[in-house]
Amino acid sequence: MAANTLFDGLLGGREADSRLLLRVPGGHDWSCAELILRCGQYANLLLRCGVEPGDRVAVQVDKSVDAIALYLATVRAGGAFLPLNTAYPRAEVGYFLDDAEPAVFVCDPARAAEFDGIDARLLTLDADGNGSLADGARELAADFDNVERGEDDLAAILYTSGTTGLSKGAMLSHDNLLSNTLTLADYWQFDDTDVLLHALPIFHTHGLFVATNIMLRVGGQMIFLRRFDLELMLEQLPNATALMGVPTFYTRLLADERFDRELVAHMRLFVSGSAPLLAETHVQFEQRTGHRILERYGMTETNMNTSNPYDGERRAGTVGFPLPGVEIRICDPETGAVVAPGEIGMIEVRGPNVFQGYWRKPEKTAEELRADGFFVTGDLGRFDDDGYLHILGRDKDLVISGGYNIYPKQIETEIDALDGVVESAAFGVPHPDLGEAVAAAVVLADGASLDEGAVIDALRDRLARFKQPRRVFFVDALPRNAMGKVQKNVLRDTYNDACTS
Ligand code: MLC
Ligand code: AMP
């Protein structure tokens, strides 16, 4: 069989492995062999649809085991998997389809009509595995001779927003993904006795690559939940050994008194990432359960960069040490020169985990990937005397809400386009559940009569719900510094209580 770096590394030679891999509460449980069979059928279908090496397969579907089979099928068929958040309305998806020009687009059957007439071959898949993808694959052979793909070939494109407000496709190679999987599985000591409670979405790095790839690789089990549902979490935690989540998972669990020491006594590991975990959450979690959450730091472009130690001290408020094989340096954001030890600066990363560049955006790639291979993260941080990395802020205008990244520029562009609006500024404010939420300050033209509800309503079909401002404030003018730049920090301070009181 032809070599296919990522598939071989995750599931190679396991066609006869009858061990349980995915447990779906209330649904069908899947063995490893079953997953590979389904994946083979989907790979055969993708080839029939004309997918050629390097072609994009864009997917906007609910979380399901079939969606995982489709991811693996794309990789085996030589394509690049391109998952999209299910919250994106048609207008947002249109941008990704235009930019990525996928050969195939798979969406929910209930939304197929919205995509009539697109250039890609349209297939459907619902949360129960039904739709034209399954119909087309049912009669096809499950045997599949993998399309040959090497370490540097493209395996996935994940879109991540930029300061311009337009998303850029981060190109991830087979080895970007596999090398990080191997490193993390080892660093966090995962093996085939582990059972991971999987409640993250699978259209982002955290749920798809970190959580799923590790468990496929080690041959452990996943309890596969469609989403974070507190009751199901409390029901299933006793069956798991590990949990990976965004900070909101942990604050929601802690807010329920049934979440206690006894419920998680047998657990081995709790991992947090994608957004800052408050030191107080870390402390409260240890007091309640006796476990110290292991916080790590990553991004779409790089997968995981640093982690608190498995055996050593997991230090609250830090993201730990560079992972084996990953180099981190702290540089002056203006000059790019490495700063003195202990000083704050831009976090830059180099290693086999760092992506190949932005899809069809060589100038953006050149801005963020230095000639010596270091990627400029946009995060500000410093190493303490013991070598722990602290993230202290962002040099990019970014809001992280419940682990989702939101770039204010996109929201401002949409608000500015509304009749009666002169200009606007979107910014993050503290939110008790989501960490941060979006708020907006809007300057209206004389005589315009928009109110808060009207602005939010107008964004409904333009922006995913999680990007829509929770609060809109009307101001006479936006605060600006001497250079004319909008002072988001002033807005954040002024409206600090907008979502907490
Ligand atoms: C849902 N909503 C959100 C939201 N999620 N709003 C802002 N931010 C979010 N993250 C909206 C819903 O549309 C709904 O709107 C309302 O908030 C309440 O929804 P909910 O039912 O309470 O939300 P829920 O489905 O429980 O989702 C919350 C969540 C989820 C935090 C569990 O967002 C989640 O799983 N986040 C994980 C994101 C993630 O995987 N990030 C990793 C990125 S990778 P309304 O008006 O209809 O009520 C990455 C790299 C790395 O960053 O390092 O990992
Ligand atoms: P994304 O663009 O979705 O890949 O998000 C990556 C960004 O999330 C990083 O650049 C950081 O700003 C942030 N991030 C990820 N993990 C952490 C963490 N543990 N602490 C603070 N910020 C984090």
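How far is an oxygen atom of ligand 2 from an N or O atom in the side chain of Lys396? In this predicted model, the separation is 2.8 Å.

View 1. Ligand 2 is surrounded by 17 residues, and the closest are Arg296, Thr300, Asp379, Lys396 and Asn405. Lys396 places a side-chain N or O atom 2.8 Å from an oxygen atom of the ligand.

**View 2. Polar atoms of Glu295 and Thr300 beside ligand 2.** Thr300 contributes a polar backbone atom, which lies 2.6 Å from an oxygen atom of ligand 2. With Glu295, a polar side-chain atom is 3.0 Å from a nitrogen atom of ligand 2. The protein buries 93% of the 500 Å² that ligand 2 exposes when taken alone.

**View 3. Domain 1 and domain 2 of the chain.** Domain 1 comprises residues 5-15 + 35-150, and domain 2 comprises residues 399-494. Between the C-alpha centres of the two domains the distance is 35 Å. Six residues from domain 1 and nine residues from domain 2 take part in the contact. About 510 Å² is buried between domain 1 and domain 2, with 51% of this area coming from carbon and sulfur atoms.

**View 4. The salt bridge of Glu92 and Lys467.** The N to O distance between these two side chains is 2.4 Å. One salt bridge is found across the interface of domain 1 and domain 2. Three residue pairs, both members at pLDDT 80 or more, are in polar contact between the domains. On the side of domain 1 that touches domain 2, four residues are nonpolar, one is polar and one is charged.

Key:
Residues are numbered from 1 along each chain as its sequence is written. Chains are lettered from A and ligands numbered from 1 in the order in which they are written. This is a predicted model: local features need pLDDT of at least 70, side-chain atom pairs count only at pLDDT 80 or more; totals for chains, interfaces and linings use all residues. Side-chain values use heavy atoms; hydrogens and water are left out. Domain bounds come from an automatic or database domain assignment. Contact means heavy atoms within 4.5 Å. Buried area is the accessible area (1.4 Å probe) that two parts lose on being put together, summed over both. A salt bridge is a side-chain nitrogen of Lys or Arg within 4 Å of a carboxyl oxygen of Asp or Glu. A polar contact is a pair of N or O atoms within 3.5 Å; within protein, one must be able to donate a hydrogen and the other to accept it, and residues adjacent in sequence count only if both atoms are side-chain atoms. Ala, Val, Leu, Ile, Met, Phe, Trp, Tyr, Cys and Pro count as nonpolar, Asp, Glu, Lys and Arg as charged, and the others, Gly among them, as polar. A residue is near a molecule or strand if one of its heavy atoms lies within 4 Å of it. Accessible areas come from the Shrake-Rupley method with a 1.4 Å probe; for residues, only the protein chains shown count as cover.
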